[in-house]
Structures are given as C-alpha cells and as structure tokens.
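I opened my notebook to look through this structure piece by piece. Here is what I looked up, in the order I took it.

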Amino acid sequence: MFTNYSKLKKYLIFAILVGPAVLLRFSTSLYPIFRTIYLSFFDHNLMEQVHRYIGLNNYTSLLNDQTIIDVIGFTLAFITISVIMQLVLGMVVANLLNTKFIGRKIVRTLNLLPWVIPVIVSGYVFRWMLNADYGLITDWVFRLSGKEVQFLIDSFLARGSLILLNVWRNTPFMAIVLLAGLQSIPEELYEAAKIDGANWFQRFLNITLPASSSTIVTLGLFNIIWQIANIDIILGLTQGGPGSSTTVIAYRIYQLGMQWFNWGRASALSVYLLLIVAVISSIALYLYRKFEFTS
Amino acid sequence: MKSQKTRNKILLYFGISVFVFIILVPIYWLFLTALTPRTQLFSVPPNYFPDFTFDNFINLASQVPFLSYLTNSMIFSVGAVLVSVILSFLAAYGFARIEIPGSNILLFALVLTMAIPEIVTVVPLFQILRNFNMIDTIRGLILVMGSVLIPFSVWVLVTFVKRVPVEIEEAAIVDGATLPQVLFYIVIPAMKPSLVTVTIINFINAWNNLLYPLVFSSSIKAKTLTVSITEIFQARTPYGRPWELISTLGVTMVLPMIILVFVAQKGIVSGLTSGSLD
C-alpha cells in the first residue's frame, strides 16, 4: 500500500495517522516517568511547601525503612503466590470448560463475571463477607470448625484473604486465554494418545502442558505486571492493614503521594517499582519473542 | 468401563458446580445485601432469607447525587472509548499499511507503555492537568484514561488490520478514492467485529477505573460511581458501615457489566485472546 507515493507524502500520511495516538500516549506516560525520576531527587512535599535537591536521599532513606522492606517483601510474595495459584487454577478451569457438558456456553459466560466487576466493588463484597461479626464466610467457617475467625484483623489471614480475592478475580482471565490455547491443539493428538492407552493425567502432562507452556509463561509474566500495579483491590479489601501487613509497593506510593503529599519519596518508590516492572517486562519480552519464533 | 465413565461424568459435574458456586457466591451476596432491609442486615448468623426491599435504592438516591455520578461515569467511559478507539484505529492502520524505517520500533515502544503502572505517573499527571486547568474536569479524565487504553487497542487492532486483504484498498486508490473514503467504506466495515470488541473491552476498563477520578476529581463535576462508592464506604453511621448502601451502589455498577458480558461474551473473549496468541 502507498508504494507509488512520494517519500514525503508517505511520511506525512504516516504522521497524520500515527501521530495523535503516539503523542497523547507518550506525553502522558513517558514524560511523567522522566518527571517522576526528576522529582525523586528532591525533598518535595506539598504540605510543607518545600522543594529542595537532596540527591539520592529519598532512595537510601526508603531502603533504611524496615516498613518499606516489608512492603517490598510482601509485594513479591503476593504476586508470586497469586500468579502461581491463578495459573494452576486457570489451567484446571480451562480444561473443565474445554470438556463437553450440558450448559457449557452459560458456564463460559459466567466465568467472565469476576473479571468485569469493578475491583473496588469485589473488594468491598469480600470485606463484607469476611466481616468478623456479620460476614457470610465467617459464619460458614464457624459452622464448619466451631471457631470464630477474624479474617481481616489477623495480619496473616488478611494477607491470605487478599491473595484469595486476587485469585478469584484474575483466574477467569487466565482460564480464557489458556482455553483458547487448548482449543488450538488438534483433537487427533488426544485420540491417538487414548488409543495408546494414555490416561487423563498422562494426556495432560504430555500433550496439553507442552502445547500451552508458551502461553503459560508469557501470560504469567504479563499478569504479574498488571497485578503489581493494582491498588483498587487493597483500597477495597484491607486498605493496607492491619498495620501495613497487606500494603504493596503501589499502594504505599498512593499513600505517600496522595495521602501524605510527600511527592519526593513517592517518586523514589515509584522508580523502584518501575525497576521491578522493567526486569519482569524484559523477561516477558525475551520469552515472548523466543516462543513466537519457535512456535 | 461403563461405571468408570459414569464416575467421570459425576466428577465433571461436581467440579463445574463447585466452580460456578465459587464465582456466583460473592455476586449473589452483593445483590442479596442490596435488597435486605437495614434492620435485618446486622444479625448473627447472617440473614439468609431476608424480606426483600427496594428501600436501599431510594435511600441511596436521597443521600448521594447518584444521577450526576452515573452521568459522569457514562460520559467518562464513552469519552475514553471514543478517544482510544479512534486514535488507535488510525494508528493501527498506519502501522499495518505504511512501511517506514523505525515504525516497528515505534509500535513496539507504544505497546510497551502498557507495562507502566498507572500509579507511577499519577503525580506528574496531576501537575500536567493542573497546568492545563483540567483538574476536576471530565475532559481531563477522558484524556488520561483514553491514553491508558491506547497501547492495548493498537496491539489488538494492528493484527486485525493486517487480516483485511490490502488489494481492495489498493484498487480503490487506483480508482481515485481518497484515504478517508477507503477507511470509511472499506476498512471500517471489514473490521467491524474487532472494533466492537475493542470498544467493549475499553468501556469495561474505563467504567471500572477508580484511580484517576479518585485522584483528579474533587467535586460533583467529575466524580464517578467508583469514587462515590469509596465515599459511602468511609461514611460513619451509628450502626457501623452502611453495607446495604455500599452494596446497592455496587449493584448499579455491576449490573451494566453483567448485561454486557451476556450480550457480548464472544467478542470479549476474541479480543482478550487475540493479542496473546496471534
């Protein structure tokens, strides 16, 4: 297309078509990142009306803060456990939805629901269901075990609850993409394996898993990037508490910047988060391209 | 052999039941709470069969400017969808059809901005919007949200433009058609399903967005439903948090999404899977 156009005209058309999207996106994402890096070298506090160059002070003081170390630690644990659970359960659900059964179409539709509900709403619903006095799940646990469990007051259980909500919300998405991968595996492979006497588990291990591995790896890594940045789930379920036990990096940036107006420190922590995301993205891209070319 | 088959069938339906149960319980509890009278809400054990009432909806409307927030959410979501889909479609067409040195790298960089956490850009965006007098305006929100949706939209749409056979467009150009005519009469009709898909997914994302209106809106002028529910959550009442009002507002936010999913299930799935498997 446009091969017989003059070079200048071709560039002009390209600029008109691509320009607006690129300009809008870069000016509201790349420029802010540079601005964030710049601010991270300043003591910039909106409440105290200061703007003073302090070099790497924000970075070092963050790392000397035990709370921040704990927050980074919990972020990594939260993401790792969530994504592994989502991949395993997503694979189970995808296999379930790939089997023929009555009502499959409606179940596949229901599967999308957790993913399209506003995160802040599902956060509040889970908070209500886990309410120490009147919660639905609290009641079920009491009936089954005889124990009155205070899910969101105990820090260990609060962390577990946050992971469960995250898994509830994101597993369907994993399942959809994994299901599409399963559907691209030729049926004959399974038939042949069946004739050779392979059982369900062997077929899964030798056909399904190898065929889905590229999807699993890339999907897992992209999901880490999306989930690491989400603060709605924490605003909804725990607001970072009890104490700061369920605070992740992104939520602490929100607190530093938007509640305590310490924009310098918020920016420095943002840069740390960006570094983590950059590392994960690089791995994701490397694996994505590798699988793209080999498959 | 036959008994094993029956056993597998039972296991399958058991698994599906458990799965559907886990998905539906929170949604069911949200709707039930919204329909429960306040006086029956705080009981131990929970009231599994309350008297149904629509009073909570009336109370909600009398306590928050619900219609204004609903309108804001609508304008915000539709605006962000229009900005992102129109700009992304044009860009995707340019990337797919025009060979220019470096255009692949530009596309790659554009898609890569998808990985930038929104929270990282919020402070500078606040300053930008303030400089342009767009704090607490819906048009400011539309601009930043439209921008967030661009990388995903371009990513999906580029693959779909490439699936449209280029020969028809070339023939039309030879016959003297202008580029806008080609886009309107050939490309857009051919890409209708994928444009609808991207529109729906972007609408869901914008409708559910909390961070931007939470940070950039301060009055009824630009607050959305997602902000409103956080404010109701903060409200202190003598009997604790107003869970019946939180749930009622939650229902009004969730219901349009549920309807969308049932209407457009196929489109959503094709959009979500096209990028990752193509």
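**Entries on a predicted model**

I began with residues 182-204 of chain B, where the chain is 96% helix and 0% strand. The end C-alpha atoms of that span are 30 Å apart. I note at once that this is a predicted model.

Next I checked where the span comes from. UniProt, in an unreviewed entry, annotates residues 182-204 of chain B as "transmembrane region". Residues 12-31, 74-93, 105-129, 141-161 and 245-264 of chain B carry that annotation too. I looked up residues 12-31 of chain B as well: that span is 100% helix and 0% strand, with its end C-alpha atoms 29 Å apart.

The unreviewed UniProt entry also lists "domain: ABC transmembrane type-1" for residues 70-264 of chain B. I found 79% helix and 0% strand over that span. Its end C-alpha atoms lie 22 Å apart.

**Domains of chain B**

How does the domain assignment divide chain B? It gives domain 1 as 2-34 and domain 2 as 61-277. Four residues from domain 1 of chain B and seven residues from domain 2 of chain B take part in the contact between them. On the domain 1 side I counted three nonpolar residues, one polar and no charged. The centres of the two domains of chain B, taken over C-alpha atoms, are separated by 33 Å.

**Where the chains meet**

I then turned to the contact between chain A and chain B. It takes 74 residues from chain A and 77 residues from chain B. Helix 1 (residues 7-27) of chain A gives the most to the chain A side, with 11 residues. That side of chain A divides into 54 nonpolar, 14 polar and six charged residues.

**The largest nonpolar core**

The largest nonpolar core has 155 residues. Which members touch the most others? I found A:Ala250, B:Met145 and B:Ile229. Helix 6 (residues 138-163) of chain B gives the most to this core, with 16 residues. Domain 1 (2-34) and domain 2 (61-277) of chain B each supply at least three residues to this core.

Leaving out residues up to four places away in sequence, B:Ile229 touches A:Ile120, A:Val121 and A:Tyr124 in chain A. In chain B, it touches B:Ile246, B:Leu249, B:Gly250 and B:Met253.

**A:Ile79, buried or exposed?**

A:Ile79 sits in helix 4 (residues 66-98) of chain A. It has 21 C-beta neighbours inside 10 Å, so I put it down as buried; the cut-off for buried is 20 or more. Beyond its neighbours within four places in sequence, A:Ile79 is in contact with A:Ile224, A:Gln227 and A:Ile228. A:Ile79 and A:Ile224 are 145 residues apart in sequence, yet 6.3 Å apart in space, C-alpha to C-alpha.

**A hairpin in chain A**

I looked at strand 1 (residues 42-45) and strand 2 (residues 50-53) of chain A. They run antiparallel and are joined by four bridges. A:Asp43 stands opposite A:Arg52 in strand 2 of chain A. The two strands form a hairpin with four residues between them. In the turn, A:Gln49 has a positive phi of about 55°.

**A helix in the open**

My last stop was helix 10 (residues 187-195) of chain A. Of its nine residues, the number buried is zero, so this helix lies largely in the open. A:Gly197 follows helix 10 of chain A and has a positive phi, near 90°.

Methods
Residues are numbered from 1 along each chain as its sequence is written. Chains are lettered from A and ligands numbered from 1 in the order in which they are written. This is a predicted model: local features need pLDDT of at least 70, side-chain atom pairs count only at pLDDT 80 or more; totals for chains, interfaces and linings use all residues. UniProt positions are given in the numbering used here, feature names are shortened, and annotations may be inferred rather than shown by experiment. A residue is buried if 20 or more other C-beta atoms lie within 10 Å of its own, exposed if 12 or fewer, and partly exposed in between; C-beta atoms are placed from the backbone. Two residues are in contact if their C-beta atoms, placed from the backbone, lie within 7 Å. Domain bounds come from an automatic or database domain assignment. Ala, Val, Leu, Ile, Met, Phe, Trp, Tyr, Cys and Pro count as nonpolar, Asp, Glu, Lys and Arg as charged, and the others, Gly among them, as polar. A nonpolar core is a set of buried Ala, Val, Leu, Ile, Met, Phe, Trp, Tyr and Cys residues joined through C-beta atoms within 7 Å. Two strands pair if DSSP finds at least two bridges between them.
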